[in-house]
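Colleague: I am new to this one. Please take me through a single part of it closely.

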Amino acid sequence: MKQSTIQQVISLSGVGLHSGQTVHMRFLPSVADTGIVFVRSDLENPMPIHADYRLIQDAMMSSNLTNEYQQRVGTVEHLMSAIAGLGIDNLQIEVSASEIPIMDGSASPFIQALQQAGIQYLEQDKKFIQILRPVRVEQDDKFASVSPYHGFSLDFQIDFAHPAFQAGQQHIKIDFSTNSFIQQIASARTFGFIKDIDYLKSQNLALGGSMENAIVLDDKQILNPEGLRFANEFVCHKVLDAVGDLYLAGHQILGAFQAYKSGHALNNQLLRAVLADENNFKIVTFCDENPPIAY
């Protein structure tokens, strides 16, 4: 239960979802208690952009961070999900554009790159956010909540009235671990409807979107020739998004997360509601097999 970073620098490139341009990234090891920090390598005077829920000013279709100098890095959720899935606490990420590359639309390419870099454990104890009492946020018929739990579980339900969304595959409950994340969640791709993608492209958005990095649907069916990677890929991707959004709290959560039709904005509202009141949580560490110790 020690903090971690990566062992060596590693680079990765891919297409930006909205710009359609190539984006270059470098992942660099970092010291304890510095957290996850983005740096815009394309700017003349780049300032740190911390992976912090309070820096989310725009959560429309993705989670986007903007620091006090109005330097922005967008679509961070898939990468943050991979970092959370591997339990990495400290990392510097250089990125050559205002958005993280979409890769294949899942977290797997980031998982593979970070595993290739290797995990380095540090001397300092790993910190967790332990949920002390239930907190729930709602918007129309949607909700997201957390409640006390001895580990980290996710219970997520979506509700799409579409032939491709089978009724029995719109709900998942999972106890989170690195193995369960990599095996069940990490390769789930983002998805969208062709009518929405066409509109976004008309607004000079989603210019890099394609069936190479998303599941694309029309009114009746999935258009990707290969179909789904697994039967519940849609809801698994929503869990992937939630894991990345929640890791913007700064530490991994000890609690039970439950959501119905939640998205990036509602996930962020939940973090704000939890962390606004210190009676809702405490920061803890673990020493070997001992009970959590308040920090």
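How do the residues of the lining of the largest pocket divide into nonpolar, polar and charged?

Modeller: Keep in mind that this is a predicted model. The lining of the largest pocket divides into 16 nonpolar, 14 polar and seven charged residues. The volume of this pocket is about 1,000 Å³. It has 37 lining residues, and those closest to its centre are Met 61, Thr 190, Phe 191, Lys 238 and His 264.

Now the elements around it. H1, strand E16 (191–193), helix H4 (194–202), H5 and H6 each supply at least two residues of that lining.

Two of these helices, H1 and H5, also pack against each other. Helix H1 covers residues 77–85 and helix H5 covers residues 233–246. Their axes lie 7 Å apart, at an angle of about 80°. Angles of 65 to 115 degrees count as roughly perpendicular, and H1 and H5 are therefore roughly perpendicular to each other. On the H1 side, the contact uses Glu 77, His 78, Met 80, Ser 81 and Ala 84. On the H5 side, they meet His 237, Leu 240, Asp 241, Val 243, Gly 244 and Asp 245. By class, this contact has four nonpolar, four polar and three charged residues.

H1 and H5 turn up again at the second largest pocket. Each supplies at least two residues of its lining, as do strand E1 (2–6) and strand E18 (252–260). E18 gives the most, with three residues. The space here is about 500 Å³. Of its 24 lining residues, Met 1, Lys 126, Phe 128, Phe 176 and Gln 252 are the closest to its centre. The classes are 13 nonpolar, nine polar and two charged.

Back to His 264. This residue also lines the largest cavity, together with Ile 56, Ala 59, Ser 63, Asp 245, Leu 248, Asn 267 and Asn 268. Asp 245 is also one of the H5 residues in the contact with H1. Helix H6 (residues 264–275) provides the largest share of its lining, three residues. That lining has three nonpolar residues, four polar and one charged.

Strand E6 spans 56–58 and is an edge strand, as is strand E8 (72–73). The sheet is open, with three strands in the order E6-E7-E8 and antiparallel pairing. Strand E7 (residues 64–66) pairs with E8 over two bridges. There, Thr 66 stands opposite Arg 72 in E8.

Definitions and conventions:
Residues numbered from 1 in each chain as written. Predicted model: local features only at pLDDT ≥ 70, side-chain atom pairs only at ≥ 80, totals over all residues. Heavy atoms only, no water. 1 Å grid on protein atoms, 1.4 Å probe; cavity = no way out; pocket = protein on both sides within 12 Å on 5 of 7 lines; lining within 4 Å. Helix = DSSP H or I, 4+ residues; strand = E, 2+ residues; numbered from the N terminus. Nonpolar A, V, L, I, M, F, W, Y, C, P; charged D, E, K, R; others polar. Pairing = 2+ DSSP bridges. Axes fitted to C-alpha atoms, helices over the stretch in contact; angles between N-to-C directions. Parallel < 35°, antiparallel > 145°, perpendicular 65-115°, else oblique. Contact = heavy atoms within 4.5 Å. Points joined across faces, edges and corners; volume = space filled by probe spheres on them.
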